[in-house]
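Visitor: I would like to go through this structure piece by piece. Please show it first.

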Amino acid sequence: MWFLGIDIGTTHLKVVGVLENGEVLAAQRCRTPFSERDGLTFHEGEAIWQALVGLIGDYARHASAAGGLLAGISVGTFGQEESLAVDAQGNQTWPSLAWWQNYAAPSLSADDSAWLDTPEHYAISGLRLRSNQTPERLSHLRKHHPDRWRKTDKWVDFGSYVMWRLTGNWCVSASQINHSQCFDVRSLKPHGATFERLALEPSLFPRIAETGEHCGEISNSALPGVALAPGAAVYVGGHDQIMGAYAVQSTRPTDVFDSIGTSEYLMTISRLYQPEAIAWQLGIDYERSWRAGEFMMGYANPSGKIIQTLSELFFAGDFDRLFQALAMQQGGEEVRVSLAQESGGQGLFTLHDVEAGATPGSMVCSVLDHIAFHMRHVLAHMCELGAINVQDAVLMGSLFQREEMLAHRSRCWGMPLFVSELAEPVATGAATIAREAWLDRGVSA
């Protein structure tokens, strides 16, 4: 038998199989379908589902053919910010606006936005308000498309939607639900004052389930041509960052993870929940980990986008030339850098006091030095909040596969850093969760 992990990402849908003996099979991927309207990018539920059905069917016929029957599936996906509005039959009433985009004008009132971003509300939800989260997007739907809003029965992330397509049951991962800002991250119960203020009902969201929990048996008609084991089931996955960290920790135990793609996401694991003033000021996210009662602190910085911008500004988009220039520098020149993430300013970053003779390499090094020291500063606060005695960190993502990037970050952080060798940690983590949950159910039965 074999187990399937699904990763629904911004650019690609990815699947990985794990055999009953734990062997990880090769990954397979296809482009994530999207649509465009009014200059904005959307993800449609039916389009992603059909692309997944084709991808899984091809994978089952080829890459996993030697595994025999499919016994379990789990799903990792981008955050709850990417959610669909569906009616009582599960039909989409409004698509998901891509997580990196916003509507032209806010629909949430200034008073409600301010209230949702207070330290007091942060202590409940574990997140500060962002313009791409559920309160703003539901307000947009209700204000600008009232006919679609009246038909809406559920607001679901893509993990919940795919689990429903596979089983007919609605549930949402504990590691996704607090991104709605409507639930208490500690108890996972609806926060009454938030629901009242936003004029929403808790029934708008699916049942909350912990990672690895049984969601339901896979319908025989869900995956045509895929041979299912008796009782083949879907097990709850979660936020892609959580699934990736889970996979990495199973190969190299650590409490600190740093994943870099378009965004760099720094994560630490702790059983403590201490949403103190410094956590609110820095904008540290709290979400549930893959273990009940455990929290993952996270901090996002657009490091990958900044590096891409630097390559376009100074090296005609050539990453190789950028990293070669970085490797030749021993430290940034006297070029002062500020990140919009730190100051709340516009854009990505600002260079100050650039003197005549400053080279592209010196400016690149100055910016990457500043990013590294900023992330190390945030990590120190996260470890203090979580009572973590940091020993090392595991790095994930394609940019950390660059030797120059690893050497630079190691120099700036001054601690042991290990690069994960997992090619697709999110899908691998999801497949491993399905396998372990199936084994646990077999033992208990």
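Predicted model: local features only at pLDDT ≥ 70, side-chain atom pairs only at ≥ 80, totals over all residues.

Visitor: How many of the eight residues of strand S14 are buried?

Guide: Strand S14 covers residues 228-235 and is mostly covered. Of its eight residues, the number that counts as buried is six.

Visitor: Which residue of S14 is the bridge partner of glycine 72?

Guide: Strand S6 (residues 70-77) pairs with S14 in the parallel sense, over three bridges. Strand S13 (residues 214-217) also pairs with S14 over three bridges, but in the antiparallel sense. In S14, glutamate 217 has alanine 233 as its bridge partner. For glycine 72, the bridge partner in S14 is alanine 233.

Visitor: Is glutamine 133 buried or exposed?

Guide: Glutamine 133 sits in the loop between helix H3 (119-125) and helix H4 (134-144). Leaving out residues up to four places away in sequence, glutamine 133 touches Glu81, Leu127, Arg128, His179 and Gln181. The cut-off for buried is under 20%. Because the relative accessibility of glutamine 133 is 0%, this residue counts as buried.

Visitor: How are helices H11 and H14 oriented to each other, roughly parallel or roughly antiparallel?

Guide: Helix H11 (residues 303-315) and helix H14 (residues 360-386) pack with their axes 11 Å apart, at an angle of about 175°. Angles over 145 degrees count as roughly antiparallel. H11 and H14 are therefore roughly antiparallel.

Visitor: How many nonpolar residues does the contact of H11 with H14 have?

Guide: On the H11 side the contact is made by Ser303, Ile306, Ile307, Leu310, Phe314 and Phe315. H14 contributes Pro360, Gly361, Met363, Val364, Val367, Leu368 and Ile371. By class, the contact has no charged residues and two polar ones, and the nonpolar count is 11.

Visitor: At about what angle does H14 run to S19?

Guide: H11 lies across strand S16 (256-260), strand S17 (264-270) and S19, and runs at about 40° to S16. H14 lies across S16, S17, S18 and S19. Its angle to S19 is about 160°.

Visitor: Which strands stand at the edges of the open sheet of six strands?

Guide: The order in this sheet is S18-S19-S17-S16-S22-S23, with mixed pairing. An edge strand has a single partner strand, so one side of it is left without a neighbour in the sheet. The strands at the edges are S18 and S23.

Visitor: What is the bridge partner of glutamate 287 in S19?

Guide: S18 and strand S19 (residues 295-301) pair in the antiparallel sense, over four bridges. In S19, the partner of glutamate 287 is methionine 296.

Visitor: Which residue of S9 does histidine 43 stand opposite?

Guide: An open sheet of three strands has the order S4-S5-S9, with antiparallel pairing. Strand S5 (residues 40-43) is joined to S9 by two bridges. Histidine 43 stands opposite serine 96.

Visitor: How many residues apart are glutamate 424 and lysine 14?

Guide: Their side chains meet in a salt bridge, 3.9 Å from N to O. Glutamate 424 is in the loop between strand S23 (417-419) and helix H16 (425-444), and lysine 14 is in strand S2 (residues 12-19). Glutamate 424 is buried at 12% relative accessibility, and lysine 14 is buried at 14%. The pair links distant parts of the chain, and the separation is 410 residues.

Visitor: Is arginine 130 buried or partly exposed?

Guide: Arginine 130 and aspartate 285 meet in a salt bridge, 3.1 Å from N to O. Aspartate 285 counts as buried because its relative accessibility is 5%. Arginine 130 has a relative accessible area of 31%, so this residue is partly exposed.

Visitor: In which helix do arginine 61 and aspartate 58 both lie?

Guide: The closest N and O atoms of this salt bridge are 3.9 Å apart. Arginine 61 and aspartate 58 are three residues apart, about one turn of the helix. Both lie in helix H1.

Conventions:
Residues numbered from 1 in each chain as written. Heavy atoms only, no water. Buried < 20%, exposed > 50% of the residue type's maximum accessible area, 1.4 Å probe, protein only. Contact = heavy atoms within 4.5 Å. Axes fitted to C-alpha atoms, helices over the stretch in contact; angles between N-to-C directions. Parallel < 35°, antiparallel > 145°, perpendicular 65-115°, else oblique. Nonpolar A, V, L, I, M, F, W, Y, C, P; charged D, E, K, R; others polar. Pairing = 2+ DSSP bridges. Salt bridge = Lys/Arg side-chain N within 4 Å of Asp/Glu carboxyl O.
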